[in-house]
Amino acid sequence: MFQATRRRLALWYTAVTAVLLLLFASGFYLYVRTTLVERVDDTLNHVVEIVERSLVIEPDAAGDHIFTTPKASSSPLRVNVEASFRDNARAVEDDHIDLEWFGPDGQLLWSTFTDLQPVPLHVNPAGETVQVGLDTFFRQITERVQANGQVLGYLRVSHPWFEVTKPSRRLIVDLALGTSLMVGAVAAIGWLLSGIAIAPVRDSYQQLKQFTADASHELRNPIAVIQTNAQVALSDPDPDVAIQQKQFEVIERLTRRLGRLVDDLLFLARQESGLIAFAPASLSLEGLLEEVVEEQQVMAAERQLALRVEVASEDQGKHRSGNPQNLAAPPTASSTILGDPGQLTRLFTNLISNAVQYTPAGGSVTVQVKPTKYQGHPGVQVTVSDTGIGMDEEALTHAFDRFFRADPSRLRHGEQGTGLGLAIARVIVDAHRGHIHLESQRGEGTTVTVVLPQGSG
């Protein structure tokens, strides 16, 4: 599917570029050809002007019938052909221009052509292209010469057409070759660019397939257990209250687990699709963390864990426990950032609850807050450290993958999360343009470091 899409993209890209190149080449060819024709016509008009100015016009002499004109008035005029064209012949020959002079009756009287050209006389001051023989073409301008209202004759100036056709044909070959090479290069580049463009789509599709498969797997098992317990409870004609209560407890526990899973899935889907509006506000990370720690104190106490917050200012170190009596202390300005309170609460709740969940009795979870520099700007670093079971190197590489969980047999009381906590944490940190880093060793605990710029959002 993706290969077919890539081929179509490359083909469309090449086709559109080829059409544009063809239009450009055609326009360029027409422009150059028109320019060449105009240049030839300008040259011919210039020659016509020079020759007309150099004509020797004199009164008609009696008996001079070859070069005379019909009497148009009481003092007829004629053009002295020998005197008029004797000096022009060599000059026009150097420019590949031929001259022809016709009498008033249209009879050819003088020509620079070695052979008479069988081209009928046709007055055309704008210029025209004529064919002589099978493969000979000329560009000609024919002017009527008059004086005192009397037609003295006709001057025709010719220029070989190969002065236009030769560069035009060469230009066609060059444009065809250049266009072909460009289309080939565009096809190769289009194939490369289409591959680059479709790579994120392919990756997203693969992630979607994996996400759908994982979500289906995660939903299938609790739904099946809920359905089984409900069917057993409903099918028992003489139910035991104690057994039914346990079945309903299982159903209630799995329902809560499904609720958390669905809530996490919806959050990820809405966050990635931009449906969740980012609502930044100035807040103190120190105060937010103390509230989260306060909420997690009950769970930590049940597990006999020491949970505390340590805040370090820029000029002095300050340690504060997570006990309620210490929560009223004023926050430090260095821990104030611009962020979404709801998302940040969810972020640190996930991190701290994970640390509590994976730390055995007698251990400790420490949350440290201190100012730092992030990408050259002021920021706040939050570190969540525990003395829990930790992760090996292989598990560490997949820690932020969705639905990844540590070995359930290593969790206390067989408790399991949704496997989306760290994935959600990374999404929230990315939304705040921060950085999250995870360090862990098997049996020695885990440290999660979050760095947020103070100007997030």
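**A sheet and what surrounds it**

Tutor: Five strands make up an open sheet, with antiparallel pairing and the order E4-E3-E7-E6-E5. Two strands count as paired if DSSP finds at least two bridges between them, and the strands themselves (E, at least two residues), like the helices (H or I, at least four residues), are DSSP runs numbered from the N terminus. This is a predicted model, in which local features need pLDDT of at least 70 and side-chain atom pairs count only at pLDDT 80 or more, while totals for chains, interfaces and linings use all residues. Residues are numbered from 1 along each chain as its sequence is written, and side-chain values use heavy atoms, with hydrogens and water left out.

At the edges of the sheet are strand E4 (108–111) and strand E5 (124–132), each of which pairs on one side only. Neighbouring strands of the sheet are turned by 25° against each other on average, with direction ignored. Inside the order, E6 and strand E7 (residues 150–160) are joined in the antiparallel sense by 10 bridges, and one example is Phe138, whose bridge partner in E7 is Pro160. Helix H1 (residues 2–54) lies across strand E3 (98–102), E5, E6 and E7, and runs at about 35° to E6; such angles run from 0 to 180 degrees between N-to-C directions, and the axes are lines fitted to C-alpha atoms, for helices over the stretch in contact.

Now look closely at Gln140, which is found in strand E6 (residues 136–147). Gln140 counts as buried because its relative accessibility is 3%, where buried means under 20% relative accessible area, exposed means over 50%, and partly exposed is in between (1.4 Å probe, protein chains only). Leaving out residues up to four places away in sequence, Gln140 touches Leu44, Glu100, Val119, Gly127, Glu128, Val130, Arg156, Val157 and Ser158, and contact here means heavy atoms within 4.5 Å. With Ser158 there is also a polar contact between the two side chains, at 3.0 Å; a polar contact is a pair of N or O atoms within 3.5 Å, where, within protein, one must be able to donate a hydrogen and the other to accept it, and residues adjacent in sequence count only if both atoms are side-chain atoms. His159 is 19 residues from Gln140 along the chain, and the C-alpha atoms of these two residues are 6.4 Å apart.

We can now turn to the rest of the protein. The largest nonpolar core has 47 residues, and Leu285, Leu344, Leu347, Phe348, Leu351 and Val450 have the most contacts inside it. A nonpolar core is a set of buried Ala, Val, Leu, Ile, Met, Phe, Trp, Tyr and Cys residues joined through side-chain atoms within 4.5 Å. Helix H7 (residues 341–357) gives the largest share of this core, seven residues. Another core, of 23 residues, lies apart from it and includes Val40, Val47, Leu77 and Leu99.

H7 packs against helix H9 at an angle of about 145°, and the two axes are 9 Å apart. Their crossing is left-handed, which means that the near helix is turned anticlockwise from the far one by less than a right angle, whereas clockwise would be right-handed. Among the residues that meet here are Leu344, Leu347 and Leu351 in H7, and Leu422, Ala425 and Ile428 in H9. H9 (residues 421–431) is mostly covered, with eight of its 11 residues buried, and after this helix comes Arg433, with a positive phi near 60°.

In the loop between H7 and E12 we find Thr359, which is buried because its relative accessible area is 0%. A polar atom of the Thr359 side chain lies 2.5 Å from the backbone oxygen of Ala355. Strand E12 (residues 364–374) runs parallel to strand E9 (residues 306–312), to which six bridges join it; Leu307, for example, has Val365 in E12 as its bridge partner. With strand E13 (residues 377–386), E12 pairs in the antiparallel sense over 10 bridges, and Thr366 has Ser385 in E13 as its bridge partner. E12 and E13 form a hairpin with two residues between them, and Gln375 in the turn has a positive phi of about 55°.

For the whole protein, there are nine helices and 15 strands, and buried residues make up 39% of the 457 residues.
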